[in-house]
Amino acid sequence: HWIAVLASRLQMSLAASGGIQRAEDAAHLLQAGANVTMVCSVLLRRGVTYLAELEQSFTAWMAARGYSSISQFQGSRGFSPWTEPAEEERRDYIRSLTKSEHRLEGAA
C-alpha cells in the first residue's frame, strides 16, 4: 500500500520487503511502484536454489501478460500524484466488488 502511495510522490527509489513468497508478489510490488523487491526471507526458508524458480515464474508471469521488460509495467498500479490515495482506494474497492466472481445473482 505505502509503495503505491509514495512512489508517485517521491523522486527516489523504493525497496519493498516482507511477504514476498512468489514471483507474483514481487510483480505486484513492482506494479505498485517499487524499484526492487527483497526475497531474502523466502530464500532462507526454501534455499538459494529457489531463486531460479522465482526467476522462471517471474518471466512466465511477464510473458503471460505480454511484457518483455519490467519498465513496461513498473508503477502501472500506483496512485496518481494528482489524486488522493483514499479516493483511488475506494474506486479500486468498488471496481473489485463489481467484477467479483462471487457476486449474488441479480445484484447490481
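**A friendly note on this structure**

1. Start with the overall layout: the protein has five helices and two strands. Reading from the N terminus, these elements follow the order α-β-α-β-α-α-α. Keep in mind as you look around that this is a predicted model.

2. Next, consider how much of the chain is hidden. Of the 108 residues in the protein, 25% are buried.

3. Now to charges. Side chains of opposite charge can pair when their charged atoms come close. How many salt bridges does the structure hold? There are two salt bridges. In one of them, Arg 22 pairs with Glu 24, and their closest N and O atoms are 3.5 Å apart. Arg 22 also forms a salt bridge with Asp 25, with an N to O distance of 3.1 Å. Through shared partners, Arg 22, Glu 24 and Asp 25 are joined into one network.

4. Is Asp 25 buried or exposed? Asp 25 has 16% relative accessibility, and because the limit for buried is under 20%, Asp 25 counts as buried. Glu 24 has a relative accessible area of 25%, so Glu 24 is partly exposed. Arg 22 is partly exposed as well, at 43% relative accessibility.

5. Arg 22 turns up again in the second largest pocket, where Arg 22 is one of the lining residues. This pocket has a volume of about 160 Å³. Two elements, α2 (23–32) and α4 (50–64), each give two or more residues to its lining. Which element supplies the largest share of the lining? That is α4, with four residues.

6. What kinds of residues line the second largest pocket? Nine are nonpolar, one is polar and two are charged. Among the lining residues you can find Ile 20, Ala 23, Ala 26, Leu 30, Val 39, Phe 58 and Ile 70. Thr 37 and Glu 55 belong to the lining too.

7. Which residues make the nonpolar surface patch of about 410 Å²? The patch is made by Trp 2, Leu 6, Leu 10 and Met 12. To find Met 12, look in the loop between α1 (2–7) and β1 (15–16). Met 12 has a relative accessible area of 52%, and since exposed means over 50%, Met 12 counts as exposed.

Terms used. Residues numbered from 1 in each chain as written. Predicted model: local features only at pLDDT ≥ 70, side-chain atom pairs only at ≥ 80, totals over all residues. Heavy atoms only, no water. 1 Å grid on protein atoms, 1.4 Å probe; cavity = no way out; pocket = protein on both sides within 12 Å on 5 of 7 lines; lining within 4 Å. Points joined across faces, edges and corners; volume = space filled by probe spheres on them. Nonpolar A, V, L, I, M, F, W, Y, C, P; charged D, E, K, R; others polar. Patch = residues over 30% accessible without salt bridge, like charges linked within 9 Å, V, L, I, M, F, W, Y side chains within 5 Å. Areas by Shrake-Rupley, 256 points an atom, 1.4 Å probe, with all protein chains shown as cover. Salt bridge = Lys/Arg side-chain N within 4 Å of Asp/Glu carboxyl O. Buried < 20%, exposed > 50% of the residue type's maximum accessible area, 1.4 Å probe, protein only.
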